[in-house]
Amino acid sequence: MRFELINNVKENEIIGRTIFDKNGRPLLKKGVKITSSYIQKLKDLGVLYIYLKDDRLNDIVVEDNELQSLKQDTMYCLSKVIRNIGAITQSHIKDCVNSVSEMIDYIMNMRDINKSLYEIKTHDNYTMLHSVDTGANTAFIGLALGFNKDMLNELVIGGTLHDIGKLKIPISIIDKKGPLTEDEYNEIKRHTIYGVEVLKGKHGIPKSALRTILEHHEKLDGTGYPYGMKDKEISINAKITSVCDVFDALTSDRSYRKKFNPTDAYELILSEAGRSFDERVVTAFKETFSIFPVGSCVRLSNGIEGYVIKQNQGFPDRPIIRILYDAESKQRLSNYYEIDLLDNTSIVITMIL
Ligand SMILES: [Fe+2]
Ligand SMILES: [Fe+2]
């Protein structure tokens, strides 16, 4: 399978990984041939990149079906909380907490190191996907920081529910096209406080999760909201959630903000270490997630171009690259070969193509 930015996708290519709509139903199924109207539709939905079938990369697995289905379960539980936001019951919370716990069990035992930050999102299902992806990604960072199961539970519950307060904000503001007025932006900022109001005192919601909800927009240097808290005042769980939240939000389609491509978003996170974000958290983020998704085409510092086929644990910028074309003639090689960047430390990836 090949990872391709939507702007580079051509007609007649084959979808490699099913794309879902807001209800979790397949929008374009794996195996479907792409037409120009499909490409336009995906662009309209804010899809940035998709996976395409590619015979030369048939052996690459980019899909983790088990994690996908655990995420779907969590999404389902979250949808019940959201639908009953005015009267959340004990069983809604219990279901949510249980499904988060199952997801963590799986993540803790995951051998596969293809921790993908690149989930395909359509604009319509943004809120739910954003919440669950952010929650799941906090688990990976927590693990890298040495969290145990109980700590991870509290972290991921907070990470998954971090934006729950947005449900108290009029949809006309959330979905507004174009820039927000100052009043509207101030209302958006209140989702941190509304979230705590909605869940405060509910049995099963850890206090630390309430802090995550309240503090996930605070920044180390005190320029965040709602309180302008500084480094030591902000909880570690909120700091982790903040990094995962910002990465996910930057790469998703939002009505009031211009989208970033994944490389720029990744760079932005790294550049904000020590200012917006905690340095230890950013280091863990960098060590955990690869900037180069499996299946993407990259150019190496020696001029050769190839496809990322496997990550090396702990070295996200040094994956294994499969070379399919001759660097000079651009002709397809009869026998492809691979370069492991962990063994060839003089070579670096210079760009995603
Ligand atoms: Fe938020
Ligand atoms: Fe968020």
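**Where the model begins**

Does Lys-330, with 8 C-beta neighbours inside 10 Å, count as buried or exposed? Lys-330 counts as exposed, because 8 C-beta neighbours lie inside 10 Å. A residue is buried if 20 or more other C-beta atoms lie within 10 Å of its own, exposed if 12 or fewer, and partly exposed in between, with C-beta atoms placed from the backbone. This is a predicted model, in which local features need pLDDT of at least 70, side-chain atom pairs count only at pLDDT 80 or more, and totals for chains, interfaces and linings use all residues. Residues are numbered from 1 along each chain as its sequence is written, while chains are lettered from A and ligands numbered from 1 in the order in which they are written.

**View 1. The whole protein chain.**

Twelve helices and nine strands make up the secondary structure of the protein chain. Helices (H or I, at least four residues) and strands (E, at least two) are DSSP runs, numbered from the N terminus. The C-alpha atoms fill a box of roughly 65 × 45 × 40 Å along the principal axes. Of the 353 residues, 37% are buried. Take the contacts between residues at least 6 apart in sequence: 64% of them join residues at least 24 apart. Two residues are in contact if their C-beta atoms, placed from the backbone, lie within 7 Å.

**View 2. Helix 8 against helix 9.**

Two packed helices are described by the angle between their axes and the distance between the axes. Helix 8 (residues 191-199) and helix 9 (residues 207-215) have axes that come within 7 Å and cross at roughly 155°. The crossing therefore makes helix 8 roughly antiparallel to helix 9. Helix 8 contributes Thr-192, Ile-193, Gly-195, Val-196 and Leu-199 to the contact. Helix 9 contributes Leu-210, Ile-213 and Leu-214. By class, the contact has six nonpolar, two polar and no charged residues. Axes are lines fitted to C-alpha atoms, for helices over the stretch in contact, and angles run from 0 to 180 degrees between N-to-C directions. Angles under 35 degrees count as roughly parallel, over 145 as roughly antiparallel, 65 to 115 as roughly perpendicular and the rest as oblique. Ala, Val, Leu, Ile, Met, Phe, Trp, Tyr, Cys and Pro count as nonpolar, Asp, Glu, Lys and Arg as charged, and the others, Gly among them, as polar.

Two strands pair if DSSP finds at least two bridges between them.

**View 4**

Strand 6 (residues 305-312) pairs with strand 7 (residues 315-325) in the antiparallel sense, over four bridges. Tyr-307 stands opposite Arg-322 of strand 7. Lys-310 has Ile-320 of strand 7 as its bridge partner. Two residues lie between the strands of this hairpin, and Gly-314 in the turn has a positive phi of about 85°.

**View 3. The hairpin of strand 7 and strand 8.**

Strand 7 and strand 8 (residues 332-340) run antiparallel and are joined by five bridges. Ile-320 is partnered by Asp-340 in strand 8. This hairpin has six residues between its strands. Lys-330 sits in the loop between strand 7 and strand 8. Its phi is near 65°, a positive value in a residue other than glycine.

**View 4. Two loop residues.**

Asn-12 is in the loop between strand 1 (2-5) and strand 2 (19-20). Its phi is near 75°, positive in a residue other than glycine. Asn-12 counts as exposed, with 8 C-beta neighbours inside 10 Å. Pro-226 is in the loop between helix 9 and helix 10 (236-250). A cis peptide bond joins Tyr-225 and Pro-226, with omega about 10°.

**View 5. Val-100 in helix 3.**

Val-100 lies in helix 3 (residues 90-109). Val-100 counts as buried, because 29 C-beta neighbours lie inside 10 Å. Leaving out residues up to four places away in sequence, Val-100 touches Thr-74, Gly-135, Asn-153, Val-156, Ile-157 and Thr-160.
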